[in-house]
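Trainee: I have a structure to go through. Could we take it element by element?

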Amino acid sequence: MFKQLIVKKPGNSYVEGLTTSELGSPDYDTTLSQHGAYVEALKQCGVSVRELPSHEEFPDSTFVEDTAVLTSKFAVITNPGADPRNGEIKEMESVLREYYSDIHFLEEPGKLDGGDVLQIEDHFYIGLSDRTNEEGARQLQEIVEFYGYQGSIIPLQEFFHLKTGISYLGNHTIVAAGEFIDHPDFNQYEKIIVPPEEEYTANCIRVNDFVIVPEGFPKTKKKINKAGFKTIEVPMSEFQKQDGGLSCLSLRF
Ligand code: CIR
């Protein structure tokens, strides 16, 4: 169960953020209304949502997930792999101090984005990507193992972040796309397979009794419903344009 979520309003500079997607420039007003729909969906799941104000200096800072890794026992402030995003962790540290007394920091030369970390019960899977290097992954693994969790490191072939291609829904069930469909590290889980044309929906989030999915991917939504999960759809086109998915927009604990 999650009780608390942190989100951050996109600023006007959001449209100038980092992207590899070639889907065009986001429209700011639509971005704001989609962010509002995301916050409403979270509230429907029965959580308290803390909405941080926008920050023009950091165009990508609405993607709060990359700044921290949170558990019920401790928080880890990351060292984000993209230089223009690195300053985002300062604000997040002061916010997280209100909730956590046990806070760890990833240190240079370690780099890590929270989007590369997937917790499945007591196991943390840590992706190696353009944003997360071996040293960052190793530091996080050491921290989680100190608390009695397991950690393993997964080099990515194709996806931007680990969670771009895989999500955990609970009940031993994952949603998997592309390179994760037959990945040996995830073979022990029940799998909901995402077809190639719906790859974007591999990034979805279970929040208490619901799975929030991006709007417009009916085949995967149907499979998630058939597996026994209730879904809420949220329009995400303007976040997809900047390489962001549903998980990226919140920190959940
Ligand atoms: C970036 O390039 O950092 C942002 N435009 C997208 C970050 C997406 N975050 C995530 O997948 N956790």
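Trainee: In which loop does E121 lie?

Mentor: First, a caution: this is a predicted model, where local features need pLDDT of at least 70, side-chain atom pairs count only at pLDDT 80 or more, and totals for chains, interfaces and linings use all residues. Residues are numbered from 1 along each chain as its sequence is written. Helices (H or I, at least four residues) and strands (E, at least two) are DSSP runs, numbered from the N terminus. On that numbering, E121 lies in the loop between β6 and β7.

Trainee: Is E121 buried or exposed?

Mentor: The test counts other C-beta atoms, placed from the backbone, within 10 Å of a residue's own: 20 or more is buried, 12 or fewer exposed, in between partly exposed. E121 has 10 such neighbours. E121 therefore counts as exposed.

Trainee: What is the phi of E121?

Mentor: Most residues other than glycine have a negative phi. E121 is not a glycine, yet its phi is positive, at about 50 degrees.

Trainee: Where does E22 lie, and what is its phi?

Mentor: E22 sits in the loop between β1 (4-8) and α1 (28-44). E22 is exposed, with 6 other C-beta atoms within 10 Å. Its phi is positive, near 55 degrees.

Trainee: Which residues does a cis peptide bond join?

Mentor: Most peptide bonds are trans. Here omega is about 0 degrees, and P109 of the pair lies in the loop between β5 and β6. The cis bond joins E108 and P109.

Trainee: How many helices and strands does the protein chain have, and how does its radius of gyration compare with the globule rule?

Mentor: The protein chain has five helices and 15 strands. The radius of gyration is taken over C-alpha atoms, and the globule rule is 2.2 Å times the number of residues to the power 0.38. For 253 residues the rule gives 18 Å, so the chain is as compact as a globular protein of that length, with a radius of gyration of 17 Å.

Trainee: Which residues of α3 are buried, and on how many degrees of arc?

Mentor: Helix α3 covers residues 134-146. Its buried residues are G136, A137, Q139, L140 and V144. The arc is that of the directions from the helix axis to the C-beta atoms. They lie on the same side of α3, because their arc is only 160 degrees.

Trainee: What do the buried residues of α3 pack against, and which residues are exposed on the other side?

Mentor: Contact means C-beta atoms, placed from the backbone, within 7 Å. The buried residues pack against β3 (68-70), β4 (75-77), β6 (117-120), β7 (123-128) and β8 (150-155). On the other side, the exposed residues are E142, E145 and F146.

Trainee: Why do the buried residues of α2 line one face?

Mentor: In helix α2 (residues 88-96), E88, M92 and L96 are buried. Seen down the axis, they line one face because they fall within an arc of 55 degrees.

Trainee: Where is S129, and which residues is it in contact with beyond its neighbours within four places in sequence?

Mentor: S129 is in the loop between β7 and α3. S129 is buried, with 22 C-beta neighbours inside 10 Å. Leaving aside neighbours within four places in sequence, its contacts are D116, L156, F160, H161 and L162.

Key:
The expected span of a helix is 1.5 Å times one less than its number of residues. Two residues are in contact if their C-beta atoms, placed from the backbone, lie within 7 Å.
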